[in-house]
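Open your viewer and keep the selection tool at hand. We will walk through a few spots in this model, one selection at a time.

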Amino acid sequence: MGYELGLISGALLQMSSILALSCKEQEIVVSSLLFGALFASLTGGFLIDRFGRRFAIIIASSLLVMGSLILLPHESYGILIVGRIAIGISISLSSIATCVYIAEIAPQHRRGLLVSLNELMIVIGILFAYISNYAFASVSHGWKYMFGLVIPLGALQAIAMYFLPPSPRFLVMKNNDEAARKILERLRETSDATKELTVIKSSLKDEHQYSFVDLFRSKNNMRARMLVGLTLVFFVQTTGQPNILFYASTVLKSVGFQSNEAASLASTGVGVVKVVSTVPATVFVDKVGSKTFLCIGSSVMAVSLVTMGLVNRNIHMNFTNICKSQSPEDTYQRPGNLTGVTNGSLKDLFSSMALPEGLLFDIQRNLDVTRTGELNRTTPAGGKNMMGSHTESGEVPVVLKWVSLASLLVYVAAFSIGLGPRNLKRVVDNDIPVYTRAMMHPSDALLPGKMGLRSH
């Protein structure tokens, strides 16, 4: 899951050049994964309750393999969207089913540790995605290798899940108490699982006392508690941190890391920081307090965002051009690829082709007009470049470049500590009753690196 979330960051740099994607098309490629996640978040709760958590994970793994296989043979914008939607459905469904399955199959004293390890594996997956981005940044069609690496892992997970036992809680929901008892006895290595079976039945009885409509009523303060949970989930998205995962390489390229390799290598720092900051957040959240972490993390995030905004304001770059064109060193010089040819060499290229003289004249005139327009936009009447000397050379001052990267890394670290899955889960668990969390968990599936709200 984490690997697929971070993968698009570096793959987008190559795909945008090879497939000649416009800004809007690049945005659709990235957001198509969220369209799939939205669909699965609305139906995932029903699927795991109807067919089981283990079966849902197998389906999610199969969709991941299928979505990745769709992307490899073709270089088509439409196929790319279809594959990304399938992967989005897989990620969302897997995130719901995995956390619920772990929480329901693990013993109570090990439940928090196993859920935390699952969250740690997600951020490690993001780190490996950024490493993969850098490793294949200079490889022709490297984005296909990036997507292809996940295929054997998805197939392995689907096969492994087949041999794992179903959730005892799911079996009780299906009135199969005897099978649930046998699985509990095998998992707990005990001859009598009656006590735990009774607890499961009691929690299910509490859930069935409430319906979806009760979430919007004042009974037991349900409305206020639901709003607290949904507001926290909403702010996780509006902080922009998920966009950093998707556009890390693009953002870093816009602030001075000009080549694909440099931007991908710098984005690897984002993955390292997420892993490093997730560990203390997981270990100390119970001692320090989840709300303390939430306040500290949010404050540091605000400071780092303000710093990043002030720095980028002084860079004076046209960020829209980052998604409209690629620099010559970032494209592949191969026959039939015109993206690596500069405007200055287009005249020689077209002159060598058997084209009518009038057409050659029109091409050259359009190029000259384009160049003149660019100079007019950046040079005032006095002839001085308003963008600064560093814009003329296409370079950003070294200090501003590294301050931007440092601000970004501090922002990511603060998010992992304050609004990361483990800490946010603690806030929700403390303030929202179990039956509310059970009905809310599908909406949480839209979170990258989401936590399982249903941990009872």
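Start by selecting A20, in the loop between α1 (2-18) and α2 (23-51); bear in mind throughout that the model is predicted. A20 has a phi near 50 degrees, a positive value in a residue other than glycine. Is A20 buried or exposed? With 56% relative accessibility, A20 counts as exposed.

Next, pick Q26 in helix α2. Q26 is buried, at 6% relative accessible area. Show its side chain together with L21: a polar atom of the Q26 side chain lies 3.3 Å from the backbone oxygen of L21.

Now jump to H141, in the loop between α5 (108-135) and α6 (142-148). H141 is not a glycine, yet its phi is positive, about 55 degrees.

Step into helix α6 and select W143 and F147, which sit 4 residues apart, about one turn of the helix. W143 is buried, with a relative accessible area of 1%, and F147 is buried too, with 0%.

F257 is buried, at 7% relative accessible area, whereas W402 is partly exposed, at 48%.

What sits over the ring of F257? The charged end of K401 does, 5.2 Å from the ring centre.

Definitions and conventions
Residues are numbered from 1 along each chain as its sequence is written. This is a predicted model: local features need pLDDT of at least 70, side-chain atom pairs count only at pLDDT 80 or more; totals for chains, interfaces and linings use all residues. Side-chain values use heavy atoms; hydrogens and water are left out. Helices (H or I, at least four residues) and strands (E, at least two) are DSSP runs, numbered from the N terminus. Buried means under 20% relative accessible area, exposed over 50%, partly exposed in between (1.4 Å probe, protein chains only). A polar contact is a pair of N or O atoms within 3.5 Å; within protein, one must be able to donate a hydrogen and the other to accept it, and residues adjacent in sequence count only if both atoms are side-chain atoms. A charge sits over a ring if NZ of Lys or CZ of Arg is within 6 Å of the ring centre and within 35 degrees of the ring normal.
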